[in-house]
Amino acid sequence: MIKIKTEEEIEILRENAILVSKTLAEVGKAIAPGVTTKRLDEIAETFIRDHGAVPGFLNYGGFPYTLCISVNDTVVHGFPSGYCLKEGDIVSVDCGTIYKGFNGDSAYTFAVGEIDPETAKLLEVTKKSLYLGAQQAVAGNRIGDIGFAIQRYCEENGFSVVRELVGHGIGKRLHESPEIPNYGRAGQGKKLHEGMVICIEPMINAGVKDIYLEDNGWDVRTADGKKSAHFEFMVAIRKGAPDILTTFEYIENK
Ligand code: MG
Ligand code: MG
């Protein structure tokens, strides 16, 4: 069942979205060669708790950390670890919060130092596809319009779209209906209604679209070992234009 949010609930979701954005910015400041991904997780947990919220992913379905940290060929759900980031890596940081009974959820893929031009293009195209998808997230459109916009742009640029993992509704629960695939056909799927709040989260691979699950049951990696990027934000469905609750401003204007 799709839950339509009240204006008051949307504002609480926006507070969560902004706290996640600020947390990602804090993590981003610490990203550099030599830093362990476990350290990034500690920074995020401290920052979230200092702001009176709770990490949304910690213990969610048994996930044991605050952040999903997915380096290079890890697509999503990576475990923070003793791995030291190195120059040329890309690192997707996915973060959730619970504040005032609602959830926040967004993700940003950071470059560690200098990255090669093809990888830079992967990040740029994935991020732009998120905005192209969001442009379609207006009342009266259909879910397929979002995925179609993302898929078309990413494939035009020579990249591939992960099929097994998708975006979702968000509210009192982290993952609510409906699912928001990053692929699809224009004009297909459920209709979007004012007051729905969704997470759009393209997971885009430099090589093939296929993935596999690591032995720890969480880390999702590309089948060909090539890099994957992931950006995510929260959008409230309105008439005419999307209301993007998340901002990457704190990350990018540091
Ligand atoms: Mg999500
Ligand atoms: Mg997420």
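Biologist: Quick one to start. Glu 176: buried or exposed?
Modeller: Glu 176 counts as buried, at 8% relative accessibility. Buried means under 20% relative accessible area, exposed over 50%, and partly exposed in between, with a 1.4 Å probe and protein chains only.

Biologist: What kind of model is this?
Modeller: This is a predicted model: local features need pLDDT of at least 70, side-chain atom pairs count only at pLDDT 80 or more, and totals for chains, interfaces and linings use all residues. Residues are numbered from 1 along each chain as its sequence is written, chains are lettered from A and ligands numbered from 1 in the order in which they are written, and side-chain values use heavy atoms, with hydrogens and water left out.

Biologist: Back to Glu 176. Which residue does Glu 176 form a salt bridge with?
Modeller: Lys 5, with the closest N and O atoms 2.7 Å apart. A salt bridge here is a side-chain nitrogen of Lys or Arg within 4 Å of a carboxyl oxygen of Asp or Glu. The pair links distant parts of the chain, 171 residues apart: Glu 176 is in strand 8 (residues 176–180), and Lys 5 is in the segment before helix 1 (7–30). Helices (H or I, at least four residues) and strands (E, at least two) are DSSP runs, numbered from the N terminus.

Biologist: And Lys 5, buried or exposed?
Modeller: Lys 5 counts as buried, at 8% relative accessibility.

Biologist: How many salt bridges are there in the whole structure?
Modeller: A search finds 15. One of them joins Lys 29 and Glu 26, at 3.2 Å from N to O. Those residues are three apart in helix 1, so about one helical turn separates them. Lys 29 is exposed at 57%. Glu 26 is partly exposed at 26%.

Biologist: Which residue pairs with Asp 89?
Modeller: Lys 86, with N and O 3.4 Å apart at the closest. Asp 89 is buried at 2% relative accessibility. Lys 86 is partly exposed at 46%.

Biologist: Which residues are linked in a network of salt bridges?
Modeller: Glu 7, Glu 11, Arg 14, Arg 238 and Asp 243.

Biologist: New topic, the metals. What coordinates the magnesium ion (ligand 1)?
Modeller: Asp 105 (OD), His 168 (NE2), Glu 201 (OE) and Glu 232 (OE), at 2.1 to 2.2 Å. Donors are N, O and S atoms within 2.8 Å of the metal (3.2 Å for Na, K and Ca); water is not among the atoms, so sites may look incomplete. Asp 105 is in strand 5 (residues 102–111) and His 168 in strand 7 (residues 167–169), a pair 63 residues apart that links distant parts of the chain. Asp 105 is buried at 2%, and His 168 is buried at 4%.

Biologist: How far apart do the two magnesium ions lie?
Modeller: They lie 3.1 Å apart, and Asp 105 bridges them.

Biologist: How many bridges join strand 9 and strand 14?
Modeller: Four, between strand 14 and strand 9 (residues 197–200). Ile 198 has Val 235 as its bridge partner, and Cys 199 has Met 234.

Biologist: What about strand 14 and strand 15, how many bridges?
Modeller: Two, also in the antiparallel sense. Ala 236 stands opposite Asp 243 there. Six residues sit between the strands of that hairpin, and among them Gly 240 takes a positive phi near 90°.

Methods. Two strands pair if DSSP finds at least two bridges between them.
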